[in-house]
Amino acid sequence: MVTISENKINEILSRGVSEFIDPDDAFRQKLLKKTQGEYTKDIIIKLGVDPTRPDIHLGHAVILHKMRALQDLGCKVVFLVGDFTASIGDPSGKDKTRPEVNQEEVEKNMETYLDQIKKILRTDEEVFSWIRNSDWFTSPFDITLPKDYKITLTVQKGSETIDVPINPQSIEGRALAFDESRMQKKALQKKNITSVSVVNLLWTLKHITHGRLIQRDMFQERIKKGSELSMSEMLYPVFQGIDSHILYKIYGSCDLEIGGTDQTFNMLVGRDVMHANNEEPQAVMSMEILTGTGGREKMSKSLDNYIAITDAPEDMYGKVMSIPDELMVEYFELCTFTPNEEIEEIEKSLMGKNKNPRDTKMRLAREIVALYHGEKEAERAQENFIAVFQKKITPETPIEISISKGDTLLDIVERLKEKNLIASKTELQRLARAGGIYVDGERITSLARPFSATATLKLGKTRFVRLII
């Protein structure tokens, strides 16, 4: 049992929150009783993600840190991977139809997401679960089986148990393969599988009017511009609402859904669907959206104004230092655990003339790096930043890596990753394309260039490596 004050709970439910919809104060009271040991059922917190991009940035982390705070109060997070809805494309914030994502890419990105969230969320079974919504939105005839796929049915013949081969392309074979592949059965050990049929969908649509959907601001804007608006996009909020209903059936409740302010409409439709099914509707928490490093638009990979939680410590530190001064308070509130009282003092000091905003920003950068890489790496990143940008010198003690004569950057990718200098081979390729790799001061664009002698490698603006033959 977690002992916590009501004021602390109120802070968790308000800090960084744009809108919290909790009619009759039901969720907050449930949360308070949970911390006092009076509520013994799981409190289920839903986060739905369409895994169309593999990296999590600080904007995503705002929501993940809120969920971690709720985990620490005893709540259970359900990470809903929208591999089915990713094929439709969430129209939120889009002025044109979003391209579909193939299943292979979805699967790859999904694995990356699950690996990255461990930096923030607890993933032990007591407070965490994840599931794909293709688990209930697909049928046996939607799956593709390999040509050499084999399946058997165990039957009792008299006193003997035998395995009878089944044609995997038959109705029986596909039904068996489908049943065995469901996460509800394999991972969650559920005996009965919950699924959504066309009949279920049509029943739900009877309870949601066309007028309600078409009033959505982004749909109205698309219509006024004469842009395309597909029926699949129109139905996206309904599918998301059905997700909440299905989670209620699988986990016993779906108490709160969290998302950005661009998801408020979709999450409210979830309340409508649950109400239509005579279930206790979920509360809705819309989190403020973090501004990108450029200071104008929301943080986004497509706008290249993001800070990934897998960025190397030096890069993360440098990117935070590059944000406009007027964003510092927002970043302290949404990206750190600095107490509200201290943030208020920081805001006051920044308005004064005696405080150097650079010192405050260095504190901000260090706190953010420490969250994802630890205090030691944060200290090293700060020292490196001071050496490179304030003293205008190359660090005296760069990281050293031993290589063999003739090795290329492609040959030492794993060693660079071990030293937290890059997150992946993809990042190294991106740096090369952007002209961000230097060897002894000379810009190089080919990762296949062999090293014939000891050299100083510079990755991006702040990462220095001594490659020793």
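**Figure 1. The whole model, before we zoom in.** This is a predicted model, where local features need pLDDT of at least 70, side-chain atom pairs count only at pLDDT 80 or more, and totals for chains, interfaces and linings use all residues. Residues are numbered from 1 along each chain as its sequence is written, and side-chain values use heavy atoms, with hydrogens and water left out. The protein has 19 helices and 13 strands; these are DSSP runs (helices: H or I, at least four residues; strands: E, at least two), numbered from the N terminus. Along the principal axes, the C-alpha atoms fill a box of roughly 80 × 55 × 55 Å. Of the 469 residues, 48% are buried; buried means under 20% relative accessible area, exposed means over 50%, and partly exposed is in between (1.4 Å probe, protein chains only). The accessible surface comes to about 23800 Å², and carbon and sulfur atoms own 48% of that (Shrake-Rupley method, 1.4 Å probe; for residues, only the protein chains shown count as cover). Among contacts (heavy atoms within 4.5 Å) with a separation of 6 or more, 70% link residues 24 or more positions apart. As for charge, there are 65 positive and 72 negative side chains, and the centres of the two sets lie 3 Å apart. Here Lys and Arg count as positive and Asp and Glu as negative, without His and the chain ends, and each charge is placed at NZ of Lys, CZ of Arg, CG of Asp or CD of Glu.

Figure 2. Rings of Phe, Tyr and Trp (its six-membered ring) pair if their centres lie within 6.5 Å; planes under 30 degrees apart count as stacked, over 60 as edge-to-face and the rest as tilted. By this rule the count is six aromatic pairs. One of them joins Phe20 and Phe27, edge-to-face at 6.3 Å centre to centre with 75° between the planes. Phe20 is partly exposed at 26% relative accessible area, while Phe27 is buried at 2%. In the pair of Trp136 and Phe137, the centres are 6.5 Å apart and the planes stand at 55°, so this pair is tilted. Both partners are buried: Trp136 at 0% relative accessibility, Phe137 at 10%. Trp136 and Phe137 also belong to one aromatic cluster with Phe84 and Phe239.

**Figure 3. Charges over rings.** A charge sits over a ring if NZ of Lys or CZ of Arg is within 6 Å of the ring centre and within 35 degrees of the ring normal. Arg182 lies over the face of Phe178, 3.9 Å from the ring centre. Over at Tyr306, the charged end of Lys319 sits above the ring, 5.3 Å from its centre.

**Figure 4. Helix H14 under cover.** How many of the eight residues of H14 (residues 328–335) are buried? Six are, which leaves this helix mostly covered. The buried ones are Met328, Glu330, Tyr331, Phe332, Leu334 and Cys335. Their cover includes helices H3 (58–71), H15 (340–351) and H16 (357–373).

**Figure 5. Three loop residues.** Asp25 has a positive phi of about 60° although it is not a glycine. Asp25 lies in the loop between strand S1 (17–21) and helix H2 (26–35), and is partly exposed at 26% relative accessible area. Asp304, also not a glycine, has a positive phi near 55°. The loop that holds Asp304 runs between strand S8 (283–287) and helix H13 (313–321), and here the residue is exposed, at 59%. Back to Thr144: this residue is exposed at 75% relative accessible area. From Thr144 to Ile289 is 145 residues in sequence and 39 Å in space, C-alpha to C-alpha.

**Figure 6. Ala455 and its surroundings.** Ala455 is part of strand S12 (residues 455–459) and is buried, at 4% relative accessibility. Which residues does Ala455 contact, leaving aside neighbours within four places in sequence? They are Val439, Asp440, Val465, Arg466 and Leu467. Ile468 is 13 residues from Ala455 in sequence, with 6.8 Å between their C-alpha atoms.
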